[in-house]
Amino acid sequence: MSDLAVLAARFGEALRREGVAVGADRSARFAQALVAVDAQRIREVYWCALATLVSTSDEVAVLDRVFEAVFGDGFDPADFRGDRPDETLTAGQFTAGGTTAGKEREVPLATLGSAAERLASRDFTDLEPGELEQLRELMRRFRLATPTRRSRRKRAAAGGRRVDMRETLRRARRSGGEPAVLRRWVPREKPRRLVVLCDISGSMEAHARAMLQLLVSANLGAKAEVFTFATRLTRLTRVLAHDPAAAMRRAGTEAPDWSGGTRIGAALREFLDTFGARGMARGAVVVIISDGWETGDPAPLAAQMARLSRLAFRVVWVNPRTAQPGYRPLVGGMAAVWPYCDAVVSAHRLDALDALLDAVG
C-alpha cells in the first residue's frame, strides 16, 4: 500500500511539472483506483491514471507523454485503450460525453472536476450546509489509523523469540513425546484506541460538524471514542457508529449544548475523572478539536492537559485558527495547552486533513 502511495504521489508530481493541475485529492483517487482494481499490468495502471488524474483532452496528451517517460519508450495509447478499433479512445476524442468511432460511450469522469476540486481548498466555515453534505462522500476515502501496540495475546510465528511450551508439548504427541519442533510465538499487534473530544461551541460549529462527519465517513477505522463539549461533556460514541446522515442528526439532539459557550478545562477534567480513570485515555491517541477559546481561567486547563499528557500515548490538538498567517499561541487557552501537545494541526479544509491523519498515525 505504501508503494502505491509513493507511485501515485510521484506520478502526480511529474504531471504537475508538465502543467496538469494534479492535487493531493487526484493523487489519492489514483492510489485508491490502483488498489480497487488490483492493478498488476501497465495497461491497468494507465487506465487508473486516465480515469482519475486528467479531465480534458489536452491533459490526456500530457498524461500520455509523461506515462511514456515514466514507464518506457514504445508506449502507444491506442494499445492501452482497447484491442478493437471501435473501442479505441484517442486523446482528441476524450471528453465527458465522448464518442468512439461514431459510437456513444460513457467515460467514467464522475469524480473529475467535481466537488473535490471545488471544495478542497475552501475553509469549512465558508461552506453552505449543502456543501458540507457533499463532503461526506469525499471523506470516505480517508482512514483514521492509529499506531499499533503490543497485545497480551500471542500468535504463532516461526521466527518468534519465545517458545510456546504448551503447543510444543501438544505437537510432541505426534512424535512419540519427543519435541521434534519447537513452536514459537510473538505478541499480537493491535491499534491504539482513538479518543476524540470535539468542541461544539458557537465559534467551532462548522468545523465541529465537518470533523464529526469525517469520523463517521471514515468508518471509525480506529473504533474511536467520541465526546463533544461546550458547557458540558457528552459521549457520542454509539450515536456516531451508524449511518452518517442519521448519526449527524442524532448528534445534534444528543449534545444539547451545541453552539453554547466553552469550558474546555471543566470538560477535560470531567473526561479524565469519569473515563480516564477507567483507562480509556491510557496509551490512547487523544484528539482535541477546539480553537482554544476558554471562557474560564486557563490555569486549570493547563493542569488537566498535564494529566492527560501523562496518560495518553499522543495528544493531537486540532485548531482551525492556526492556519491564519502569523498565528502565535501567546495568550489564553492555546498558550496553556501548547506545551502538552505532541502535534497541532489546522484541519480547516479538506486538503488540510492529511496533516491530521499523519498526526494521528
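**A close look at the packing**

Tutor: Among the contacts in the chain with a separation of 6 or more, 69% are between residues 24 or more positions apart. Keep in mind that this is a predicted model. The chain has 14 helices and 11 strands, and 45% of its 361 residues are buried.

Let's go to the largest nonpolar core, which has 42 residues. Inside that core, the residues with the most contacts are Leu 135, Met 139, Val 287, Leu 353 and Leu 356. Where do the core residues come from? Helices and strands both supply them: helix 7 (129-139), helix 9 (205-217) and helix 14 (353-360) each give two or more residues, and so do strand 6 (194-199), strand 9 (285-289), strand 10 (314-318) and strand 11 (343-345). Helix 9 makes the largest contribution, with seven residues. As background, nonpolar side chains in soluble globular proteins tend to be buried together.

Zoom in on Leu 135. Once you set aside its neighbours within four places in sequence, Leu 135 is in contact with Leu 119, Phe 124, Leu 127, Gln 213 and Leu 350. There is also a second, separate core of 26 residues, and Phe 229, Met 280, Ile 288 and Cys 341 are among its members.

Cys 341 deserves a word of its own. Its relative accessible area is 14%, so Cys 341 falls under the 20% limit and counts as buried. Cys 48 is buried too, at 6% relative accessibility. If you're wondering about sulfur pairs, a search of the whole structure turns up zero disulfides.

While we're in this part of the chain, have a look at the loop between strand 11 and helix 14, where Ala 347 sits. Ala 347 has a phi near 45°, a positive value in a residue other than glycine. With a relative accessible area of 2%, Ala 347 is also buried.

Now over to the N-terminal helices. Helix 2 and helix 3 (residues 42-52) pack with their axes 9 Å apart, at an angle of about 145°. The crossing of helix 2 past helix 3 is right-handed. On the helix 2 side, the contact is made by Arg 26, Arg 29, Phe 30, Ala 33 and Leu 34. Sorted by class, the contact has six nonpolar, one polar and two charged residues.

Stay on helix 2 (residues 24-36) and find Ser 27. Is Ser 27 buried or exposed? Ser 27 is buried, because its relative accessible area is 10%, under the 20% cut-off. Leaving out neighbours within four places in sequence, Ser 27 is in contact with Ala 8, Gly 12, Arg 16, Val 22 and Leu 53.

Last stop: Val 6, which belongs to helix 1 (residues 2-17). Val 6 and Ser 27 are 21 residues apart in sequence, and their C-alpha atoms are 9.8 Å apart in space. Val 6 counts as partly exposed, at 39% relative accessibility, whereas Ser 27 is buried.

Notes:
Residues are numbered from 1 along each chain as its sequence is written. This is a predicted model: local features need pLDDT of at least 70, side-chain atom pairs count only at pLDDT 80 or more; totals for chains, interfaces and linings use all residues. Side-chain values use heavy atoms; hydrogens and water are left out. A nonpolar core is a set of buried Ala, Val, Leu, Ile, Met, Phe, Trp, Tyr and Cys residues joined through side-chain atoms within 4.5 Å. Buried means under 20% relative accessible area, exposed over 50%, partly exposed in between (1.4 Å probe, protein chains only). Helices (H or I, at least four residues) and strands (E, at least two) are DSSP runs, numbered from the N terminus. Contact means heavy atoms within 4.5 Å. A disulfide is a pair of cysteine sulfur atoms within 2.5 Å. Axes are lines fitted to C-alpha atoms, for helices over the stretch in contact, and angles run from 0 to 180 degrees between N-to-C directions. A crossing is left-handed if the near helix is turned anticlockwise from the far one by less than a right angle, and right-handed if clockwise. Ala, Val, Leu, Ile, Met, Phe, Trp, Tyr, Cys and Pro count as nonpolar, Asp, Glu, Lys and Arg as charged, and the others, Gly among them, as polar.
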